Every structure is written in structure tokens, then in C-alpha cells.
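Good morning, everyone; I would like to take a few minutes on how two chains meet in a model. Please have a look at it first.

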Amino acid sequence: MTIGRKSVCGASRWPGGAAAALLAVLVGGCASGPSGGIADPLEPLNRAVFRFNEVADGLVIEPAAELYGLVVPEAGRTSLRNFLDNAGSPVVFVNDLLQLERERAGVTLARFMINTFFGGLGLFDAARHFGHVRHEEDFGQTLAVWGVGDGAYLVLPILGPSSLRDATGSAVDGFLLDPAVYIAPSDARLAARVADGVDTRYRLDPVIEDLRANAMDRYATVRTVYQQRRQAAIANGRATAADPDYEAIFQDPEAEDGTSN
Amino acid sequence: MAPATSLTRRGFAAAALVLAATAAARAAPPAAASGFIETVGNKVVGVLRDASLGRDERLQRLSGLLDEATDLPLLARLVLGQYWRKASQQQRDEYVRLFRALAMKTMADRLHEYGGETFEISGSHAVDDRDTIVTTRIMRPGSQSPVNVDWRVRDTGGKLAIIDIIAEGVSLVVTQRSEAAEVAGQQGIDGLLQQMRERVEGRA
């Protein structure tokens with residue numbers, strides 16, 4: 001049974017412009033595949049990169065994250081996370097606007113102002129205490145809202161699970177939309193990316209341990225979880241109309257056979 | 001033959017009436033489903049918090065609640081999907097047995113992770129005439145943000161049962177189904193059963 005990508009492709013709330021149409025063609029539009037949600041025509045290559053990433057993780061990234069967890073106390077880790085989140089919020093703001101999410105754009109802007117000026121350049125999340133709760137947004141999600149499908153599943157070296165659409169989105173965020181590109185030295189930006197990666201790996205450790213202990217096929221599990229998380233992020237927590245592919249799962253296979261009771 | 005035909009017709013009308021009545025009864029209102037999740041949730045939190053319980057007794061009560069609140073054989077069938085139809089009766093029985101054993105083992109492995117979480121019901125809506133989605137927020141201690149968890153509840157002929165758990169957008173059934181399809185597609189149903197057996201026995 002093919003579980004397609006209709007829900008994300010149908011998530012478009014307003015017709016995208018010419019640029020979005022072009023990108024839709026570029027990344028293959030609404031491709032669907034038999035892999036539990038996302039097309040994976042590059043699976044052999046992706047699996048090879050996945051194996052490489054697991055080795056790299058074991059040799060370098062996990063030890064680095066473990067060391068980070070040992071050396072940096074919790075308050076320091078929280079401050080670093082807050083700082084990185086705040087420094088990344090201009091990108092969130094631009095994408096809020098590109099998705100015509102005025103209210104969410106307002107929250108992101110308010111958070112940036114409060115945390116930059118009253119939160120020690122973002123080291124403290126003061127805005128949260130005023131009821132402004134953080135959310136994520138990126139250009140991959142913006143493309144999805146404009147009607148662009150994920151194209152194909154991609155596993156990037158070191159960076160991990162992505163898709164043609166989301167990798168394109170990350171490049172646009174990182175090299176075009178982020179104001180830091182125009183004002184911060186490239187060394188500082190690289191350092192921020194590395195710190196972000198190590199902190200993220202540290203925070204994901206319980207999930208990764210769980211995956212190692214319980215998954216029968218880690219590659220397939222990561223792929224479907226990535227796809228589901230992206231779909232939820234794109235929907236911004238709104239209750240979307242029931243996804244026909246998801247609903248189809250709940251037709252009891254035994255009842256279909258007529259062998260039930 | 002006329003009387004027989006009319007009898008059949010009357011029988012048909014009666015059957016339709018009974019069916020309509022059962023259908024109406026089966027369409028559990030969202031309120032019943034959220035009440036069910038609230039009751040089950042309170043029982044689970046109660047068992048987790050009861051300091052007088054030893055580990056074994058706690059696990060035993062939780063397994064009881066798991067069997068009571070979910071329909072594990074149905075859940076197993078949904079997860080196996082297309083391969084359920086292809087499996088022999090023997091493979092099906094073995095699969096359901098291993099599915100339940102793995103669920104119990106996962107619960108036992110994660111028991112120590114409980115850190116005082118509580119929950120609140122934030123809404124519910126009917127999907128069709130038998131399924132309802134109940135949305136909850138799991139409140140975590142300290143300043144950690146709450147986790148959104150949705151429960152899909154099915155009315156299985158008068159008895160309510162959880163048939164999917166969606167944590168922050170990630171569905172248990174979709175995830176496990178995707179993995180089962182991958183393993184069964186590559187190694188066959190017997191290969192999948194072997195992998196599950198190894199996990200149940202802790203040899204993986």
C-alpha cells in the first residue's frame with residue numbers, strides 16, 4: 001500500500017507565486033512513495049550516508065556531546081540554547097511573514113526584542129514569562145505552505161535527515177534570509193552552527209538511545225519520524241482535515257478480509 | 001413463495017432497524033472518549049505515583065491497564081497492515097503474541113523514566129462513527145514545556161479502546177507500521193517475527 005503525501009501537498013492555504021511554482025517543478029512537486037509517507041528514490045545512497053553518519057556520530061559527535069554535557073552545567077546549556085534560538089529568530093520572523101502568519105510573526109518579533117534587550121542578548125528567555133512562547137519556522141516549511149512537496153527524502157552527511165525541499169529551504173535560510181550572513185564574520189557563524197549541532201545532539205541523546213535499543217530498522221524509523229515531525233511543523237499545530245492516507249490505516253485488515261468474527 | 005418473501009423482507013427490515021440502532025449506539029460521542037482517556041490516565045498516574053508499590057507490582061498493574069485500555073490484537077493488525085492479509089494463521093498468532101510481549105517490555109524498560117508528569121485533556125473530536133481523537137497536554141515538572149499527545153479511541157462494539165497515540169505529531173501506528181513494512185518487505189514475515197523475537201529476548 002502506498003501512503004502518499006497528500007496532506008502536505010494539500011496544506012497550501014494560498015496559491016504560491018511564480019517562484020514557488022518553479023521550485024515545485026525543481027524539487028519534483030508532490031511525489032509519493034511506498035516508504036510510509038515520503039518518496040525515497042535515493043534509498044541505497046541515503047542508507048550509505050546514514051551508516052556513515054552513525055559511524056561519525058559514534059567517533060566524534062556523541063563523544064563531543066557527552067563532553068559538553070559533562071563540562072557545561074545545565075544553566076550554561078540553557079543559556080546557550082536561548083542565545084542560539086534568539087539569534088535564529090530573524091529567520092523565523094521572515095518565514096512567519098512569508099507564510100502570512102501575522103500573529104506568529106508578532107510573537108517572534110516581540111520575543112526577539114524582549115530577549116535581546118532585556119534577556120542579556122538572548123541568553124535568557126525573558127519573553128516566555130510574558131506569555132510569548134517560541135515556535136520554529138523555516139523556509140522548507142514556507143515552501144510546503146506554498147504547495148511544494150518534499151520531492152525526495154535525503155540523508156545529508158553529518159546534518160542527517162532532510163528532503164530536497166527542506167535542504168533547499170535550509171540553504172535559503174542559511175545563506176540568504178539570515179541577517180547574520182550580512183553582519184557576522186563567517187567564523188562566528190560556523191562556531192554557532194557547531195555549538196548548535198552539539199547542543200542538539202546532547203538534547204536528542206535519550207531519543208537516539210531509544211532508537212538504538214528498540215528499532216528494528218533505524219533508517220526506516222528515522223525516515224518516517226522525520227516526515228511526521230515536518231508534517232506537524234508545517235501544520236503549525238492546527239487540526240488539519242483528516243489525512244486520507246492516515247485514515248486508510250485504520251481500516252482493519254481483518255475486517256476487510258471478512259474473516260473478523 | 002409469497003409468504004417466504006414477505007418474511008425475508010420483514011426479517012431484512014428488522015435487521016436494518018437493529019443495525020441502525022447499533023450504529024447509533026456505536027457512535028460514541030467525543031465526551032465518552034475523553035472521559036475514558038481521563039479515567040485511564042488517572043489510573044496510570046495513580047499507579048506510577050503510589051509509593052507503596054514495588055516495581056513488580058507496579059508493572060503488573062500497568063500491564064493490566066494496558067490490556068484493559070487498548071485493543072492490542074487490533075493494534076497489532078493495524079501495524080502489520082498489508083502483511084497481515086498475507087500472513088498465515090500461525091504467523092498471525094505468533095505476531096500478536098510478540099507484539100504484546102514487546103509492548104510490555106517497552107513499558108518495563110521505560111518505567112524509570114517517569115518524573116512526576118501529569119496530564120490535562122484539551123479537546124476531542126469525532127473522526128467517524130467509531131473513532132474519536134482526544135487531545136491532551138502532558139505537563140512536565142519544572143520549566144519544561146508541555147508535550148501534546150493525541151489519543152485515537154475506537155468504540156469496539158460498546159468497549160472503548162486506544163488504537164493510536166500521536167506524540168507531537170508522531171503516530172505510534174504510522175511509525176511502527178512503516179518499520180514493520182520495511183523489515184517484512186526485505187526479510188519476509190518470518191524475518192520480521194525473528195527480529196521481534198530477538199528484541200523480546202533482549203538479544204538485539
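This is a predicted model: local features need pLDDT of at least 70, side-chain atom pairs count only at pLDDT 80 or more; totals for chains, interfaces and linings use all residues.

Residues are numbered from 1 along each chain as its sequence is written, chains are lettered from A in the order in which they are written, and side-chain values use heavy atoms, without hydrogens and water.

Taking contact as heavy atoms within 4.5 Å, 32 residues of chain A touch 35 residues of chain B. The area buried between them is about 3000 Å², with 49% given by carbon and sulfur atoms; that is accessible area (1.4 Å probe) lost on putting the two parts together, summed over both.

There are 4 salt bridges between the chains, each a side-chain nitrogen of Lys or Arg within 4 Å of a carboxyl oxygen of Asp or Glu, and one of them joins E247(A) to R152(B) at 2.7 Å, N to O.

Which helix of chain B does α10(A) pack against? The partner is α7(B), residues 172–200, with the axes 9 Å apart and an angle of about 145 degrees, where axes are lines fitted to C-alpha atoms over the stretch in contact and angles run from 0 to 180 degrees between N-to-C directions. Among the residues that meet there are R223(A) and Q228(A) from α10(A), and E179(B) and E182(B) from α7(B); helices here are DSSP runs (H or I, at least four residues), numbered from the N terminus.

Conventions:
Helices (H or I, at least four residues) and strands (E, at least two) are DSSP runs, numbered from the N terminus.
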